[in-house]
Amino acid sequence: MGTVVDDAASVEFHAFFERHYAELSRLAYLLTGEADTADDLAADALLALWHRWDRVRAADHPAAYARGVVTNLARTRIRSAVRERRRIALFWSQREENTENPDVAGVVDVQEALRRLPFRKRACVVLRHAFDLSEKDTALALGVSVGTVKSQTSKGMAELQRLLGTQGVPQRMHATLGAPRVSPAVEGVRTGQGGGRDR
């Protein structure tokens, strides 16, 4: 796989793992809404990074590269889940649940509203407002332009405000998304520990 297996690389990767694992798990959770799989996605991403560590360690923004890998894995996971739900619906159409109207007043949970956004808008909003990344760092993580980040974040926030029916969405996002319900392995993110960022 082209992996450089030597003591220096191993030590360097271990330090990267310790610094970013919790952050990547939190990102996976916020993108998928699946606490049970957040650790798995972060671990899969870090395994992929280790297999190309010689390239990653030489990158200008290794953390942005890692966030991009997690984002891609999360997107694949969501698409797979959607396909599975559609297959089940074909066989159990009589049990198919009605889609909840996103305009109803009962939609007050920030995480639930966030999951209603298209994936790119959701990723931009999460990275910008839950992770406090700059527009440039968000663009690096997602492999898009800064202009795309600006427009998708703006549209995403407007949509969240519409869904939540309230002002002050950024503050509510920080209050809610700053303490995600994830597994004990990433409990440290509740207090902001383990979420180092490369700027």
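Reader: At what angle do α6 and helix α7 pack, and how far apart are their axes?

Author: This is a predicted model. In it, α6 and α7 (residues 135-142) pack at about 135°, with their axes 10 Å apart.

Reader: Why is α6 called oblique to α7?

Author: Angles of 65 to 115 degrees count as roughly perpendicular and those over 145 as roughly antiparallel. The angle here is about 135°, so α6 is oblique to α7. The crossing of the two helices is right-handed.

Reader: Which residues of α6 and α7 meet?

Author: From α6 they are Ala-123, Cys-124, Leu-127 and Arg-128, and from α7 Glu-135, Thr-138, Ala-141 and Leu-142. By class, this contact has five nonpolar, one polar and two charged residues.

Reader: What makes α6 roughly perpendicular to α8?

Author: The axes of α6 (residues 119-130) and α8 (residues 146-164) cross at roughly 95° and come within 8 Å. The range for roughly perpendicular is 65 to 115 degrees, so α6 is roughly perpendicular to α8. On the α6 side the contact is made by Arg-120, Lys-121, Cys-124, Val-125, Arg-128 and His-129. The residues of α8 in this contact include Thr-148, Gln-152, Met-157 and Leu-160. By class, the contact has five nonpolar, five polar and four charged residues.

Reader: Why does Glu-112 count as partly exposed?

Author: Glu-112 has a relative accessibility of 37%, so the label is partly exposed. Glu-112 is placed in helix α5 (residues 110-115). Glu-112 and Leu-164 are 52 residues apart in sequence, while their C-alpha atoms are 9.7 Å apart in space.

Reader: How do you know that the span of helix α2 agrees with its number of residues?

Author: Helix α2 (residues 35-51) has 17 residues, so at 1.5 Å a residue it should span 24 Å. Its end C-alpha atoms are 25 Å apart, which agrees.

Reader: Which residues of α2 are buried?

Author: Among them are Thr-37, Asp-39, Leu-41, Ala-45, Leu-49 and Trp-50. Buried means under 20% relative accessible area.

Definitions and conventions
Residues are numbered from 1 along each chain as its sequence is written. This is a predicted model: local features need pLDDT of at least 70, side-chain atom pairs count only at pLDDT 80 or more; totals for chains, interfaces and linings use all residues. Side-chain values use heavy atoms; hydrogens and water are left out. Axes are lines fitted to C-alpha atoms, for helices over the stretch in contact, and angles run from 0 to 180 degrees between N-to-C directions. Helices (H or I, at least four residues) and strands (E, at least two) are DSSP runs, numbered from the N terminus. Angles under 35 degrees count as roughly parallel, over 145 as roughly antiparallel, 65 to 115 as roughly perpendicular and the rest as oblique. Contact means heavy atoms within 4.5 Å. Ala, Val, Leu, Ile, Met, Phe, Trp, Tyr, Cys and Pro count as nonpolar, Asp, Glu, Lys and Arg as charged, and the others, Gly among them, as polar. The expected span of a helix is 1.5 Å times one less than its number of residues. Buried means under 20% relative accessible area, exposed over 50%, partly exposed in between (1.4 Å probe, protein chains only). A crossing is left-handed if the near helix is turned anticlockwise from the far one by less than a right angle, and right-handed if clockwise.
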